[in-house]
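Subject: Structure handover

Hello,

Here is the structure you asked to look at. Please open it alongside this email.

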Amino acid sequence: MAVSSLEEARVKGLPSSAFYIADFITEEEEQMLLSKIATAPKPRWKQLAHRRIQVWPSDLSKNNTLLDSSLPNWLVDPIISRMQSLPISTTDPQSHIFSDSPHGAPNLVLINEYQPGEGIMPHKDGVAYHPVVCTVSLGSSLTLGIHGKNESGSTESEPRWRILQEPRSLLITTGELYTDFLHGIAEITEDVSLSPDTVSNWDLLRSPDRIIDGRHQRETRTSLTYRDVLKVTKLGSKFGALGKR
Ligand SMILES: O=C(O)CCC(=O)C(=O)O
């Protein structure tokens, strides 16, 4: 990780705020994570129409509540520890991206796996979470589209901005980008028309030279999205209350 504060990783030209760090994890760490994901028990995978997912430590209940439980170590170290050691600005070395979140750290990890041609419709992440999303990408690059709404209130079909997420990178979205805009991944096998003019984080990429004629052919891409769920319930406290009757 070559930056000493998030400020150095800010994606310019976007609504506030996005940060992109190309080499957030090493190749060995990427392989470790891919192998943990691949060897997770089969029922962990949920097959959706256009991707498959794992949710750690568990799905949210209907009212957006997480059952209190720790994340496995391989999802904490190195990723969460590294996020927490990265100051937002060097003038305040104690502050990090989850300093102001209710639990001071993410407590939910959603793992998405996309084959070429798969994606996710433009959406907002909603009110269940503190408005910070940290996404670590594994395996392949693809672009995340940032969409606005048109005058009639419907989602714009074409993204206003695109962010290229390389393997081993960290992308953080927060603020207006979280609350006012939608994000999605187009269901295509190749990202095209990639250039400094069309990719918001071009100057922060590790390997812009791997994009030939503005094109990038997708391979299997896995993402780990880290969030802090606002409502957490302890099962133990419920049993405790019953026990006292
Ligand atoms: O895979 C990604 O980078 C995006 C995932 C996403 O938008 C979501 O989980 O809500």
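Predicted model: local features only at pLDDT ≥ 70, side-chain atom pairs only at ≥ 80, totals over all residues.

Residues are numbered from 1 along each chain as its sequence is written, and side-chain values use heavy atoms, with hydrogens and water left out.

**Largest pocket**

The largest pocket has a volume of about 510 Å³. Its lining has 29 residues, and the closest to the centre are Leu110, Asn112, His123, Asp125 and Arg227. (A pocket is an open set of points on a 1 Å grid over the protein atoms alone, where a 1.4 Å probe fits, with protein on both sides within 12 Å along at least five of seven lines; lining residues have an atom within 4 Å of a point. A volume is the space filled by probe spheres set on the points, which are joined across faces, edges and corners.)

Strands that each supply at least two lining residues include E5 (108-114), E7 (132-138) and E14 (221-227). (Strands, E, have at least two residues and helices, H or I, at least four; both are DSSP runs numbered from the N terminus.) By class, the lining has 13 nonpolar, nine polar and seven charged residues. (Asp, Glu, Lys and Arg count as charged; Ala, Val, Leu, Ile, Met, Phe, Trp, Tyr, Cys and Pro as nonpolar; the others, Gly among them, as polar.)

**Second largest pocket**

This one holds about 320 Å³ of space. Of its 19 lining residues, His147, Ser157, Pro159, Ile185 and Ala186 are the closest to its centre. Strand E8 gives the largest share of the lining, four residues.

**Helix H1**

Glu29, Glu30, Leu33 and Ile37 are buried in H1. (Buried means under 20% relative accessible area, exposed over 50%, with a 1.4 Å probe and protein chains only.) Seen down the axis, the buried residues fall within an arc of 100 degrees, so they line one face. (The arc is that of the directions from the helix axis to the C-beta atoms.) Glu27, Glu28 and Ala38 are exposed, on the face turned away from the buried side. Elements covering the buried residues include E3, E5, E7 and E14.

**Ser137**

Ser137 lies in strand E7. Ser137 counts as buried because its relative accessibility is 0%. Beyond its neighbours within four places in sequence, its contacts (heavy atoms within 4.5 Å) include Gln165, Arg168 and Thr222.

Best wishes
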